Amino acid sequence: MTTQAHAIFNIALLSRQGKPYRHRYALIGAVLPDLPMFIFFAVEAFIRRTPQHELWNTRYFIQEWQNFFDFSNSIPLIFILLGVAYYHLNSEKITVLAWSMLIHCSFDFFLHNDDAHHHFFPLSDFAFQSPISYWDAAHYGHIVARIEVLATLAVSFYLFRRLQTRASLWVLVGVNLFSVAGYSVFALT
Ligand SMILES: [Zn+2]
């Protein structure tokens with residue numbers, strides 16, 4: 001799933017009445033698993049100046065980068081974080097963050113094909129290659145992307161009533177415009 005869809009879905013799922021601070025931790029947890037990918041893109045595209053096709057077809061798959069991606073998408077490592085947050089720290093905020101990371105990885109489990117993460121890193125190399133992908137046209141990516149952008153809009157309508165500050169409402173509108181624009185570019189190219 002795209003990072004913005006993860007963010008909106010997870011905030012909606014983890015939102016509780018009268019606890020607006022949960023939104024912030026759900027957001028951080030939703031973005032964290034994708035953070036290494038943004039770092040990868042920044043390093044390869046802007047520092048090493050790798051051409052786009054080489055970046056996604058070769059560099060993305062080298063061991064060092066894969067380990068870096070797998071680290072933040074590792075279900076056992078997130079479970080450790082969840083356990084520490086809940087039992088040791090007694091922190092609702094970090095627990096929400098860890099849950100949000102887990103929800104992110106659960107969605108990704110079913111929506112990645114040959115770019116699937118090693119879900120149980122560093123314990124095993126197993127990667128579930130789902131028959132459907134959130135982007136790859138060879139695996140229903142064009143249909144999944146359309147459903148994803150529509151679901152993001154629908155969930156945003158629900159979330160709209162939950163957000164309390166004007167700034168967060170504008171961010172929600174902005175993220176949806178970005179998501180629709182991103183989908184339009186994806187669908188037309
Ligand atoms: Zn992801």
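Visitor: Which residues does Thr3 touch, not counting residues up to four places away in sequence?

Guide: With those neighbours set aside, Thr3 touches Val31 and Asp34, where contact means that two C-beta atoms, placed from the backbone, lie within 7 Å. This is a predicted model, in which local features need pLDDT of at least 70 and side-chain atom pairs count only at pLDDT 80 or more, while totals for chains, interfaces and linings use all residues. Residues are numbered from 1 along each chain as its sequence is written.

Visitor: Why does Thr3 count as partly exposed?

Guide: A residue is buried if 20 or more other C-beta atoms lie within 10 Å of its own, exposed if 12 or fewer, and partly exposed in between. Thr3 has 17 C-beta neighbours inside 10 Å, a value between those cut-offs, and therefore counts as partly exposed. Its place is in helix α1, a helix being a DSSP run of H or I with at least four residues, numbered from the N terminus.

Visitor: What makes α2 oblique to α7?

Guide: Helix α2 (residues 21-31) and helix α7 (residues 92-111) pack at an angle of about 40 degrees, with their axes 7 Å apart; the axes are lines fitted to C-alpha atoms over the stretch in contact, and angles run from 0 to 180 degrees between N-to-C directions. Angles under 35 degrees count as roughly parallel, over 145 as roughly antiparallel, 65 to 115 as roughly perpendicular and the rest as oblique, and therefore α2 is oblique to α7. The contact draws on residues including Tyr25, Ala26 and Gly29 of α2 and Val96, Ala98 and His104 of α7.

Visitor: How many nonpolar, polar and charged residues has the contact of α2 with α7, by class?

Guide: That contact has 10 nonpolar, 3 polar and 2 charged residues, with Ala, Val, Leu, Ile, Met, Phe, Trp, Tyr, Cys and Pro counted as nonpolar, Asp, Glu, Lys and Arg as charged, and the others, Gly among them, as polar.

Visitor: Which residues in α2 are buried, and what covers them?

Guide: In α2, the buried residues are Arg22, His23, Tyr25, Ala26, Leu27, Gly29 and Ala30, and their cover includes α1 (3-14) and α7. Helices α1 and α2 pack at an angle of about 145 degrees, with their axes 8 Å apart, and among the α1 residues that meet α2 are Thr3, Ala7 and Ile11. By class, the contact of α1 with α2 has 7 nonpolar, 5 polar and 1 charged residues.

Visitor: Which residues have the most contacts inside the largest nonpolar core?

Guide: They are Ile11, Ala26, Val96 and Ala98, in a core of 24 residues, a core being a set of buried Ala, Val, Leu, Ile, Met, Phe, Trp, Tyr and Cys residues joined through C-beta atoms within 7 Å. The elements that give this core two or more residues are α1, α2, α6 (75-88), α7 and α8 (141-160). Leaving aside neighbours within four places in sequence, Ala98 is in contact with Gly29, Ile78, Leu81, Leu82 and Ala85.

Visitor: Why does Asn90 count as exposed?

Guide: Asn90, in the loop between α6 and α7, has 9 C-beta neighbours inside 10 Å, which falls within the range of 12 or fewer and therefore makes it exposed. Phi of Asn90 is near 55 degrees, a positive value in a residue other than glycine.
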